[in-house]
Amino acid sequence: MDIANLLKYCPKGTKLYSTAFGEVTLDRIDMNEEYPISVYKIDGAHTSFDEEGRYVKYYNSECVLFPSKDQRDWSKFRLPLKRGDIMMKADGTMPFI
């Protein structure tokens, strides 16, 4: 699953969970990088994951980045929205609140 595409619309600071580092916060998504998902660890150090949430690209390696400690299913992930946020389709049509 392409996690980077799921996260590219999330705001900086979105809380995520890594089995390797614990709680992390989203810094940015840069689709031009080999490791496009950039996060800050709890100690403030910066690290990155590939588009599938793997820390290091090895053959058959597993995703170690998840929506939360208790939610490990990216298919159930929803953008973190708050009341009053305005959403639009990518082509700029059909705004909704």
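**Ground rules.** I am working on a predicted model, in which local features need pLDDT of at least 70 and side-chain atom pairs count only at pLDDT 80 or more, while totals for chains, interfaces and linings use all residues. Residues are numbered from 1 along each chain as its sequence is written, and side-chain values use heavy atoms, with hydrogens and water left out.

**Arg54, continued.** I placed Arg54 in the loop between β4 and β5. With a relative accessible area of 15%, Arg54 is buried, on a scale where buried means under 20% relative accessible area, exposed over 50% and partly exposed in between, using a 1.4 Å probe and protein chains only. I also noted that the Arg54 side chain makes a polar contact with the side chain of Asp50 at 2.7 Å; such a contact is a pair of N or O atoms within 3.5 Å, and within protein one must be able to donate a hydrogen and the other to accept it, with residues adjacent in sequence counting only if both atoms are side-chain atoms.

**Overall layout.** I counted 1 helix and 5 strands, taking helices (H or I, at least four residues) and strands (E, at least two) as DSSP runs numbered from the N terminus. Along the sequence these follow the pattern α-β-β-β-β-β. Of the 97 residues, 28% count as buried, and among the contacts with a separation of 6 or more, 34% come from residues 24 or more positions apart.

**The sheet.** I read the strand order as β4-β3-β2-β1-β5, in an open sheet of 5 strands with antiparallel pairing, where two strands pair if DSSP finds at least two bridges between them. β4 (46-49) and β5 (65-66) stand at the edges with a single partner strand each, so one side of each is left without a neighbour in the sheet.

I then followed β1 (residues 15-18), which pairs with β2 (residues 22-29) in the antiparallel sense over 4 bridges, the two forming a hairpin with 3 residues between them. Opposite Lys15 I found Thr25 in β2, and opposite Leu16 I found Val24, also in β2. β1 is joined to β5 by 2 bridges, again antiparallel, and the bridge partner of Ser18 in β5 is Leu65.

**The core.** Which residues touch the most other members of the largest nonpolar core? They are Leu7, Leu16, Ile37, Leu65 and Trp74, out of 15 residues, a nonpolar core being a set of buried Ala, Val, Leu, Ile, Met, Phe, Trp, Tyr and Cys residues joined through side-chain atoms within 4.5 Å. The elements giving two or more residues to this core are α1 (3-7), β2, β3 (37-41) and β5, and α1 gives the most, with 3 residues. For Trp74, leaving aside residues up to four places away in sequence, I listed contacts that include Met1, Ile3, Leu6, Leu7, Leu16, Leu65 and Phe66.

**Glu23.** Beyond four places in sequence, Glu23 touches Lys15, Leu16, Tyr17, Lys41 and Ile42. Glu23 and Lys41 are 18 residues apart in sequence, yet 6.7 Å apart in space, C-alpha to C-alpha.

Conventions. Contact means heavy atoms within 4.5 Å.
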